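Visitor: I am new to reading models like this one. Could you take me through the terms as we look?

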Amino acid sequence: MISIREVSRTFGHGPEAVTALDRLSLDVSPGEFVCIVGASGCGKSTLLSLVAGLDTPSSGIIEAGPNPALMFQEPALFPWLTVAGNVGLPLKLRKVPRPAREARVAELLATVNLSDFAGKRPHELSGGMRQRVALARTLALDSPVLLMDEPFGALDAMTRDLLHDELERITQERGLTVLFVTHNVREAARLGDRIVLLSSRPGRLKWQGSVDIPRPRRIDSPEVSALAAEVTDRLREEVAQHVG
Ligand SMILES: Nc1ncnc2c1ncn2[C@@H]1O[C@H](COP(=O)(O)OP(=O)(O)OP(=O)(O)O)[C@@H](O)[C@H]1O
């Protein structure tokens, strides 16, 4: 579903050049949920931009299904539109007729448990609710591929927990393929079918492992904690090498 072959991305030229990604190869299968973790600046966001087609690799080849949907840490809602208006915008832009659009928006709001808030504006919602609106809007793109860049990074632990449950349910029900970037190793162990660890400057594939913990998972379960501790050790090793 996503194929990344020997992809490099260098910004700038000459002695000032920064190689954000160096010959990275990664395949994500249909329906797989892959979490990318790594220290700050290892090229996680660069990678998602490349997969989304917002940026072009300096070398290498990326294939990522038709029109992958992107979601960021900031919900980036339009403040003058209602919740329903924000969620329906991708449908309106695709010229979906109004009755079909309304039915789809109602379904999407039910999916993210916001049916009672259709007429509210973003400033009337909590941060977690705004992020759920952003998730519903991303789902409205009807893409089989979701690219998520720290989507829950700004939320408190409890809200994040609820959104993990919702995201897991939605991606499993729809068989979505997900590439999910996070700083949070526990979050990766809670959500991922596979965890990929990137090294810093240049970003290279450092380690990867499948997550064999049965679902549904809890972020504070002993299995998730043990795996998170293992990945944190690898991440520490990587950061120490880099600093050293
Ligand atoms: N447009 C750009 N121009 C120049 N350098 C860039 C550009 N975008 C990213 N970089 C550099 O590439 C490297 C990787 O950046 P990127 O934002 O992909 O890292 P990240 O892993 O997402 O970081 P963080 O976890 O802090 O968000 C960094 O050293 C950054 O300074």
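Visitor: What makes strand S3 and strand S7 a pair, and how many bridges join them?

Guide: This is a predicted model. Strand S3 (residues 33-38) and strand S7 (residues 177-181) run parallel, and four bridges join them. Pairing requires at least two bridges, so S3 and S7 count as paired. At one of these places, Val-34 has Leu-179 in S7 as its bridge partner.

Visitor: Which strands of the sheet are called edge strands, and why?

Guide: The open sheet has six strands, in the order S5-S6-S7-S3-S8-S9, with mixed pairing. Strand S5 (69-71) and strand S9 (205-210) are the edge strands, each pairing on one side only. From one strand to the next, the twist averages 15 degrees.

Visitor: How do you know which residues Val-231 is in contact with?

Guide: The test is whether the C-beta atoms lie within 7 Å. Leaving aside neighbours within four places in sequence, Val-37, Val-185, Ala-188, Ala-189, Ile-195 and Leu-197 are in contact with Val-231. Val-231 also belongs to the largest nonpolar core, which has 62 residues; Ala-136, Leu-179 and Val-231 have the most contacts inside that core.

Visitor: What makes up the shell around the ligand?

Guide: The ligand is surrounded by 14 residues, and the closest are Phe-11, Ala-20, Ser-40, Ser-45 and Thr-46. Strand S2 (18-28) and helix H1 (44-52) each supply at least two residues of the shell, and H1 gives the largest share, three residues.

Visitor: How many residues of that shell are nonpolar, polar or charged?

Guide: Four are nonpolar, eight are polar and two are charged.

Definitions and conventions: Residues numbered from 1 in each chain as written. Predicted model: local features only at pLDDT ≥ 70, side-chain atom pairs only at ≥ 80, totals over all residues. Axes fitted to C-alpha atoms, helices over the stretch in contact; angles between N-to-C directions. Core = buried A, V, L, I, M, F, W, Y, C linked by C-beta atoms within 7 Å. Buried ≥ 20, exposed ≤ 12 C-beta atoms within 10 Å, placed from the backbone. Contact = placed C-beta atoms within 7 Å. Near = placed C-beta within 6 Å. Nonpolar A, V, L, I, M, F, W, Y, C, P; charged D, E, K, R; others polar.
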